[in-house]
Amino acid sequence: MRHFLHFIIITLLAFSVSAKPKKGVKIDVTLNPAGSFTINARLKGSLKKKGDIYFADKLVTKVSSFKTGVDLRDDHTKKKMNFKKFPSVTVTDIRAKKNKGIAKIKIFNKTKKIQFTYKDLNAKYAQAYFNISLKEFGIGGINYMGVGVEDTVKISATVKKK
C-alpha cells in the first residue's frame, strides 16, 4: 500500500510538471448532427502588462498552421479559409483587465469586435476564451455527406506574457 501511494504521488507530480502551457490557438468546431474536432494553430505575438492591464497591438495566426489531425480536413479547412488570398487571422487592439477583455478580430477582410475572458495560467502565460460566429465572417456551407459545421466556434488562445 505504501509503495502504491508513492507511485500515485510521483505520477501526479510528473503530470503537473509535463503539463506546462504551450503558446498557440485551439478552435473547437462542433458538427451537426453529431461530432466535433479541434483545430490547433501557432500564434505570433505576446502580451505586455502595464499596471493591472494586459495589452497587445497585434496577435497573428497563419491559416497555413491550422492542424486538425486529419490531412484531408486540414486541406479543406485551409481552402475554405481562402488561405492563399487571406493567409492569416489577426487580433488587434487587445485590452484586458480583471479576467475580461476586448479586441478586434480580422478574418478575410472583415473586422469584428470581440469580448473575451481570460485567466493567468502562470507567470509566463495567460489563456483567453471567446466565441465567434462563422456566418459573421462569410464562412458557411461547410457540409460533407450530411454532416455540417455549426455556426459558433469556441476559441482559446494561450499567449505568452512579456
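Predicted model: local features only at pLDDT ≥ 70, side-chain atom pairs only at ≥ 80, totals over all residues.

Student: Fine. Where does F66 lie?

Tutor: F66 is in the loop between β4 (53-62) and α2 (71-80).

Student: Buried or exposed, this F66?

Tutor: F66 is buried, because its relative accessibility is 4% and buried means under 20%.

Student: What does F66 touch, leaving out residues up to four places away in sequence?

Tutor: F66 has contacts with I27, I39, N40, A41, T61, D74, T77, K78 and M81.

Student: How far apart are F66 and N40?

Tutor: In sequence, 26 residues; in space, 5.7 Å from C-alpha to C-alpha.

Student: T61 was on that list of contacts. Where is T61 found?

Tutor: T61 belongs to strand β4. T61 counts as buried, since its relative accessibility is 9%.

Student: And which residues does T61 touch, with the neighbours up to four places away in sequence not counted?

Tutor: V25, A41, R42, L43, F66, P87, S88 and V89. A41 is in contact with T61, and A41 also touches F66.

Student: Take K162. What is its place in the chain?

Tutor: K162 sits in the segment after β11 (152-161).

Student: Why does K162 count as exposed?

Tutor: Because its relative accessibility is 73%, and exposed means over 50%.

Definitions and conventions. Residues numbered from 1 in each chain as written. Heavy atoms only, no water. Helix = DSSP H or I, 4+ residues; strand = E, 2+ residues; numbered from the N terminus. Buried < 20%, exposed > 50% of the residue type's maximum accessible area, 1.4 Å probe, protein only. Contact = heavy atoms within 4.5 Å.
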